[in-house]
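Visitor: Please put the model up, and then take me through parts of it by question and answer.

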Amino acid sequence: MSHAIQDRPVATVKRTGSLSSARLPRWSPIAIAAGSIAAGIGIGVAAGWHSKIQWGMIAALLFVLTTYALTTKVEGSRQAKDNVATSLVWVCFVLAVVPLVSLAWVTISKGMEVLDVYFLTHSMNGVLDAEAGGGVYHALLGTIEQVAIATVIAAPIGLLTAVYLVEYGGGKLAQAVTFFVDVMTGIPSIVAGLFILATWNLMLGFGPSGFAGAMALAILMMPVVVRSTEEMLKLVPNELREASLALGIPKWRTILKVVLPTAIGGITTGVMLAVARITGETAPVLLLVFGTKLINPNPFEGAQSSLPLYVYEQYAVGTDAAVSRAWAAALVLIAFVMILNLVARGIARWKAPKTGR
Amino acid sequence: MAKRIDVSGLSAYYGAHKAIDDISMTVEPRSVTAFIGPSGCGKSTFLRTLNRMHEVTPGGRVEGKVMLDDENLYGTNVDPVAVRRTVGMVFQRPNPFPTMSIFDNVAAGLRLNGKYKKSQLNEIVEKSLKGANLWNEVKDRLNKPGSGLSGGQQQRLCIARAIAVEPDVLLMDEPCSALDPISTLAIEDLIGELKERFTIVIVTHNMQQAARVSDRTAFFNLAAVGQPGKLIELDDTERIFSNPSVQATEDYISGRFG
């Protein structure tokens, strides 16, 4: 079609070589990593250091340096920089994963010692702190009830606040709300606990109860829900709102039927992360729920227990049996949060906008 | 039930910035009126004032009168929601609701506005999709998500969604600018059919398109960047493209602009 164009002499960029050049083999990163770890251990043993962290540090440093040196020699300086960046990313990844895995490993291995059906279905009623036996049922029940009440209080308020901020706000009031939400995010949990203690328990004269703890947890949860929901609502394209408004759909229905369904996956994840955050709170529970060895299914009357509080109490006792119970309860707590997270992810995936044909 | 639009002395603002200045024009029922002009001259802003979508933009404000037959859209007791039910709109980028199926997208305007029986909905959805020349392509997958369609199909889905609520006027803001020539042709054919039933106003950057689809053409221009846009002239499309009465129009159309 276009001989004229093809025949025309074209000015080309001068190239110094061909497109291919010397490359390290594909397995080289693994080989370097293995070599570095071996060298790290070797140096550590030779120098008589006992800390495995030191061995790891040496191995990481060797890994980055060797990668750089080898790549410079074989591939050139640009690829060397590229590889150093890649290896740094890997080192950081490992540094982040090692504590996580070791935490999970220690909790699981120590927690499994006493964790069984008996442990999950019995309370500490009549069990002396120092002796073995007893269980976590009362604490698990308390945690579930308190977290559920806190979520019922905080999630709707947080959701509606976020809807106000994104869909209606814009003036001074919205700025003030945003500011106070930010301040609330930074409230230490003990302060939230003291606030409820001062108002609910001391001023109004109520005794300790799961509900009091749940209120403090709700205070901690609300800003997290507001923040995450706000971000999710901002991600909903304005075009969808306009499309809906242009069909003559009122604003409130647009928000209810178009904006919220589009963002529901992210909102669910945000709420679940907030739930996960408050599930592990100890301080307000210590002040307000008080802790008990007995099963108290009524969150509105009398002291309850909760998992983090249980862990704290058992660890404070300090006998072998109690510490084993503390580990097992910690494992139950982690599993509880993880199951919530999985449920949240499931809901997010199920509700996310579908793009298939 | 197409209606005549009569605009007089209309200015629109974004905060303190005046975007269009003192526009008066008449849009005839059962015809296609095209708006052409350089970017930033206020065509889209003006279009959005015709169904009170302009005030959705933060700081958006309008002065003047828009008469739809004998009702002022900016009268004191007028509900913008009711206006938008009467004056529908199709946007530049296809924007089907991602959480809804093809059927639900078309039914959205009806369902979210009131109660309809399933059989009624089926009927209206089929009629609207046929009206948008999309029925044959999607009739077997009405329950699949609307976002799975191609760009041109999505835009026709949006047109079906807009005509499902039976508006009197249909506003189109560059409906073909994100589409390939074949989809564009499909939508232009569709516009030709739709003008039997609706009053259509279309903003376009494509002058051939304006010449092909419209009965009357309005040329907008702005004196300089930051100045408000103005209506230069409105006339029969044939006259605008062959013998415009203003020199600026001729310059713009023949490419001697700026």
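Guide: Two residues are in contact if their C-beta atoms, placed from the backbone, lie within 7 Å. This is a predicted model, in which local features need pLDDT of at least 70, side-chain atom pairs count only at pLDDT 80 or more, and totals for chains, interfaces and linings use all residues. Residues are numbered from 1 along each chain as its sequence is written, and chains are lettered from A and ligands numbered from 1 in the order in which they are written.

Visitor: Leaving aside neighbours within four places in sequence, which residues is Ala186(B) in contact with?
Guide: Ala186(B) is found in helix α7 (residues 181–194) of chain B; helices (H or I, at least four residues) and strands (E, at least two) are DSSP runs, numbered from the N terminus. Its C-alpha atom is separated by 21 Å from that of Arg216(B), 30 residues apart along the chain. With neighbours within four places in sequence left aside, the contacts of Ala186(B) are Asn133(B), Gly152(B) and Arg156(B).

Visitor: Is Ala186(B) buried or exposed, or in between?
Guide: A residue is buried if 20 or more other C-beta atoms lie within 10 Å of its own, exposed if 12 or fewer, and partly exposed in between, with C-beta atoms placed from the backbone. Ala186(B) has 18 other C-beta atoms within 10 Å, so it is partly exposed.

Visitor: How is strand β3 of chain B placed, enclosed or open?
Guide: In a regular strand the side chains alternate between the two faces of the sheet. On one side of β3(B), Val32(B), Ala34(B) and Ile36(B) are buried, and on the other Thr33(B) and Phe35(B) are buried. Five of the five residues of β3(B) (residues 32–36) are buried, so the strand is largely enclosed by the rest of the structure.

Visitor: Which residue of β9(B) stands opposite Ala34(B)?
Guide: Two strands pair if DSSP finds at least two bridges between them. β3(B) pairs in the parallel sense over four bridges with strand β8 (residues 199–203) of chain B, where Phe35(B) stands opposite Val203(B). β3(B) also pairs in the parallel sense over four bridges with strand β9 (residues 216–222) of chain B. There, the residue opposite Ala34(B) is Thr217(B).

Visitor: Where in chain B does Asp69(B) lie, and is it buried or exposed?
Guide: Asp69(B) has a positive phi of about 50° although it is not a glycine. Its place is the loop between β4 (60–68) and β5 (71–72) of chain B. Because it has 12 C-beta neighbours inside 10 Å, Asp69(B) counts as exposed.

Visitor: Which element of chain A gives the most to the side that touches chain B?
Guide: In this interface, 21 residues of chain A are in contact with 27 residues of chain B. On the side of chain A, α10 (238–246) and α11 (251–279) each supply at least two residues. That side divides into 10 nonpolar, five polar and six charged residues, where Ala, Val, Leu, Ile, Met, Phe, Trp, Tyr, Cys and Pro count as nonpolar, Asp, Glu, Lys and Arg as charged, and the others, Gly among them, as polar. The element that gives the most, with six residues, is α10(A).

Visitor: What is the relative direction of α11(A) and α14(A)?
Guide: α11(A) and helix α14 (residues 320–351) of chain A pack at an angle of about 175°, with their axes 8 Å apart. Axes are lines fitted to C-alpha atoms, for helices over the stretch in contact, and angles run from 0 to 180 degrees between N-to-C directions. Angles under 35 degrees count as roughly parallel, over 145 as roughly antiparallel, 65 to 115 as roughly perpendicular and the rest as oblique. The angle of about 175° therefore makes α11(A) and α14(A) roughly antiparallel.

Visitor: Is Leu159(A) buried or exposed?
Guide: Leu159(A) is in helix α6 (residues 137–168) of chain A. Leaving aside neighbours within four places in sequence, Leu159(A) is in contact with Val225(A), Thr229(A) and Ile267(A). As 20 other C-beta atoms lie within 10 Å, Leu159(A) is buried.
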